[in-house]
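Welcome, and please have a look at the model below.

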Amino acid sequence: MSDTNAKITEEIRAKARELLSSGEIAAFLGFTSGSLPMTTRPFVAKRPGDADKLIWNSFCVMNLANYLPALLESLEPPRGPKDPPPAGPLPKVGVVATGCCSRNIVVQMQERQVDRSRLVILGVSSRGMVDRKKVMAAAEGREPLKVEEGGHTLKVSGRDYELEIDRWSAVRDNCLTCAHNNPVISDYLIGPVSNRDVKDRFAQIEAIEAMPANARWKWFTDEIASCIRCYACRNACPLCYCPTCFVDDSRPQWVGKSTEPADTALFHILRAFHCAGRCTDCGACESACPMGIKMRLFTRKLSKDAFNLFGAEAGLDPQAQPPLATYRPDDPEEFLIVEEKK
Ligand code: SF4
Ligand code: SF4
Ligand code: SF4
């Protein structure tokens with residue numbers, strides 16, 4: 001573990017222990033080690049001693065905001081659907097949040113999914129999280145059994161091999177183009193603040209937009225061709241909290257449930273539009289995909305459009321309305337009204 005990550009881990013543990021011991025929070029949501037190298041998993045600490053299991057490293061890629069609404073609800077007293085909301089203050093939850101995770105918490109606040117007064121946010125600046133698929137590619141098919149993180153390197157070892165790679169070469173694509181790696185809201189800041197500057201943040205999208213329409217459609221259909229409709233991408237996303245997703249509905253059935261190309265395309269197109277103007281480019285969807293599909297680029301395109309058309313970026317201001325939930329008389333509308341060609 002790098003010195004920076006070791007220090008951040010210790011600070012997270014100490015603050016979680018303190019908040020749990022004092023009774024200020026009833027639970028703390030962070031990360032603990034996964035069962036395989038380069039994996040971590042969300043972890044809920046409920047006793048001060050549990051804080052020792054919390055960790056911080058470059059593989060903390062799941063978006064913890066995804067687990068907040070259910071965790072908060074689980075701490076409320078049980079009540080029936082017609083019972084009034086409980087009186088008095090409800091138990092609080094502590095949570096670790098990077099820039100994108102904190103932006104997703106803001107989106108959840110805007111959409112009334114979480115109550116800010118019930119959160120204690122430990123903000124951590126992201127120095128760019130590592131994509132385990134890029135590390136696997138560098139290992140050229142050999143199984144990594146151990147990955148040690150240094151300041152700027154990753155030491156990968158397996159049966160009969162050792163490899164040292166530049167950490168930055170394995171950073172996730174979304175982190176490479178992230179303009180908000182510092183938390184936008186927090187109660188405590190843990191670790192150093194990032195001063196990383198990003199240029200060409202939409203370069204990946206501009207390259208796809210520059211393709212002729214046929215080539216673009218081919219790129220899209222090729223990208224999703226291996227999708228097995230497991231919905232890991234949707235399940236990892238903090239924006240996808242609908243009690244019944246449109247893909248699971250059967251009355252009416254909005255989209256076929258097979259892996260037939262038209263059904264798969266419809267799933268991806270509709271899900272991307274449901275995230276329009278709300279996606280923070282956290283990359284949790286892409287990290288969760290077992291097939292290596294870059295579906296994050298679909299929502300990234302819509303984030304670019306929301307930025308260019310409405311000057312809106314998701315999750316920066318708790319008081320702001322999401323761009324598609326509001327209206328200004330001077331909103332651009334060329335894409336709504338197309339003049340008929342004579
Ligand atoms: S894909 Fe759409 S309907 Fe399904 S959970 Fe996400 S936002 Fe809801
Ligand atoms: S669509 Fe993907 S990148 Fe966007 S918020 Fe959801 S999980 Fe994160
Ligand atoms: S996680 Fe990957 S394979 Fe599963 S539904 Fe999403 S894109 Fe398809």
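The cover over the buried residues of helix 3 includes helix 2 (68–74), strand 3 (93–97) and strand 4 (119–124). Helices (H or I, at least four residues) and strands (E, at least two) are DSSP runs numbered from the N terminus. A residue counts as buried if 20 or more other C-beta atoms lie within 10 Å of its own, as exposed if 12 or fewer do, and as partly exposed in between, with C-beta atoms placed from the backbone. This is a predicted model, in which local features need pLDDT of at least 70 and side-chain atom pairs count only at pLDDT 80 or more, while totals for chains, interfaces and linings use all residues. Residues are numbered from 1 along each chain as its sequence is written, and chains are lettered from A and ligands numbered from 1 in the order in which they are written.

Helix 3 is largely enclosed by the rest of the structure, because 10 of its 12 residues are buried. Among them are Cys100, Cys101, Arg103 and Ile105. Helix 3 covers residues 99–110 and reaches 17 Å from its first C-alpha to its last, close to the 16 Å expected (1.5 Å times one less than the number of residues). After helix 3 comes Arg112, with a positive phi near 60°.

Ile105 also turns up among the contacts of Leu68 (C-beta atoms, placed from the backbone, within 7 Å). Leaving aside neighbours within four places in sequence, Leu68 is in contact with Leu29, Val93, Val95, Ile105, Gln108 and Val114. In the largest nonpolar core, which has 62 residues, Phe28, Leu64, Leu68 and Val95 touch the most other members. Such a core is a set of buried Ala, Val, Leu, Ile, Met, Phe, Trp, Tyr and Cys residues joined through C-beta atoms within 7 Å.

| Ligand | Residues around it | Nearest residues |
|---|---|---|
| Ligand 2 | 14 residues | Cys237, Cys279, Cys282, Ala284 and Cys285 |
| Ligand 3 | 13 residues | Cys227, Cys230, Ala232, Cys233 and Cys289 |

Helix 10 (284–288) and helix 11 (296–310) each supply at least two residues of the shell around ligand 2.

Finally, the whole protein has 11 helices and 8 strands. Its C-alpha trace spans about 75 × 65 × 40 Å along the principal axes, and buried residues make up 32% of its 342 residues.

Conventions:
Two residues are in contact if their C-beta atoms, placed from the backbone, lie within 7 Å. A residue is near a molecule or strand if its C-beta atom, placed from the backbone, lies within 6 Å of it.
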